[in-house]
Amino acid sequence: MSEPILRVEGISKTYAPRGLFKGAGLRPALASASFELSKGEILGVVGESGSGKTTLARCVALLERPDAGRIVFKGEELTALSEGVLRKRRRGIQTVFQDPYASLNPRQKIGDVLGEVMLVHGLATREALRDRVAALLDQVGLPATAADAYPKAFSGGQRQRICIARALAAQPDILIADEPVSSLDVSVQAQVINLILDLRDRLGLSVIFIGHDLQLIDFIAPRVLVMLNGEIVETIPADGSIADARHEYTRALMQAVPKLETITG
Amino acid sequence: MALTQSRSTPAWRAGGNWSLRIGLAGFALILLAAIFAPFVTAFDPTAISLTNALQAPSWGHLMGTDHLGRDVFTRVVFAARVDLQIGAIGVALPLIIGTVVGLFAGYYGGWVDAVIGRVVDVVIAFPFLVLVIAIVAMLGPGLINLYIALTVVSWVLYTRIIRAETIALKKREYVLAARNLGFGHLRIMFRHILPNAIAPALVFAMSDFALDVQVGATLSFFGLGAQPPTAEWGLMIAESRSMMLAAPWVVVGPGAAIVVVSLVVSLIGDGLADLVRGLDE
């Protein structure tokens, strides 16, 4: 395979404690995580809550500065950039967050949400903006009329589509999906997952898909990182299967999923 | 795919937000009366007519006349120009300054927040009215100095409100998304945080408006605000207080005006609070 689009080398993050008992029982939220991501690849990340999945997502998107380690994106070391230069690179790595109800500014119309991204980065002219917004909405399966509505007019699944459209407006290379379907109804989860997979195929996006459901992640992503207590404890390779997982935690995660036959007996 | 249209009509239209309706109607009436004061009354607010001094209310003089024979109703109406201006400027300057400062304190946190927080604590530690009087006494009487004093004293209240809102909002995922999209700090603060943080400050501004009108009247009463012969409610009460028992109408008119304006603005504040709650479901 060619040079990876993203190389993460030993990033760590420990949140500074506040208040009286500073330094008591500090455990890093993320301990020396390393992985690579190639163009067009879907990388799964799985772990229970508190395992450092979201910290990993925020650090890779540089929303949090890692305490140690390097993040190299398209040959450039992002962790070495100043905040000012980094701001211009940020659009290359976009995030879709877990809670679609908190992810959209309630006072901004959808057309302005999408338009703002393109205007700030000079990706569209004012004249062409309406068409570009309509095209983005179409890409995520929403009608062009959605541009004139405020977020409160939309359901959770529709909002998550809008969040994906907002990420696409920045024309990113990497999409980080941080548990994008955990707060959605089961009936719309599949639609949003299929949308992300479809966009990967059409746009050649690289995707980091984070979740807590091992079976789901294994289904979506060929290669899966398993996280526990801030560490990547196992990498299930693309040609491997979760059935061959060696780490006891991964096996425990697998057994935690109820199987149909065991229930029906 | 069809959009799930929100079926809820705005709270002020559906639920009959009477506080807001009555408040706005009353305020509009007072504002129009102030603007068109010369058409509301036939008298000149400063024309002295000693032969007509201290006449009781009648059809000719709705609120009677004062010790210099000036029509009290006319002076009450013209005074609204001054008192509404005190309320408006006394709210607008602190609102703007306090909001911007609170936004920076809440957004940047750290030493910026610590420095601003200490300044706010110091200003809040002083009794409100005492500090206003002290500042005006130091700068000299007059409306401009009253505005300066009101601003110096009350920006901190808006700073506290906006700072608290900003701290809560900056952890929201849409603010994280804005940073992720490479937006600048000013854009994030003013476009993404401010519109969602401003509502409680606006609600507070309404009660602050009433308070400022009262403080303006109080300072004019002490001779530190509007100066004679300007018609101003507090000043009118101060000028007439020796006649209060013999001719109560000279103080009832301006006193009632202060009460009515305070009431109307408080109603708007209440209604606004309901409206904001309705908007955010």
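Two residues are in contact if their C-beta atoms, placed from the backbone, lie within 7 Å. By that rule, 30 residues of chain A are in contact with 19 residues of chain B. This is a predicted model: local features need pLDDT of at least 70, side-chain atom pairs count only at pLDDT 80 or more, and totals for chains, interfaces and linings use all residues. Residues are numbered from 1 along each chain as its sequence is written, while chains are lettered from A and ligands numbered from 1 in the order in which they are written.

Helices (H or I, at least four residues) and strands (E, at least two) are DSSP runs, numbered from the N terminus. On the side of chain B that touches chain A, helix H8 (173-180) and helix H9 (185-221) of chain B each give two or more residues. H8(B) provides the largest share, six residues.

Turn to chain A. Its four strands form an open sheet, ordered S2-S1-S4-S5, with antiparallel pairing. Strands pair if DSSP finds at least two bridges between them. Strand S2 (30-37) and strand S5 (76-77) of chain A stand at the edges with a single partner strand each, so one side of each is left without a neighbour in the sheet. Five bridges join strand S1 (residues 6-13) of chain A to strand S4 (residues 68-73) of chain A. Val8(A) stands opposite Ile71(A) in S4(A).

Back in chain B, the axes of helix H2 (residues 18-35) and helix H4 (residues 72-108) come within 8 Å and cross at roughly 110°. Axes are lines fitted to C-alpha atoms, for helices over the stretch in contact, and angles run from 0 to 180 degrees between N-to-C directions. H2(B) is therefore roughly perpendicular to H4(B) (65 to 115 degrees). H2(B) contributes Ile30(B), Leu31(B), Ala33(B) and Ala34(B) to the contact, and H4(B) contributes Val77(B), Ala80(B), Arg81(B) and Leu84(B).

Notes
Parallel < 35°, antiparallel > 145°, perpendicular 65-115°, else oblique.
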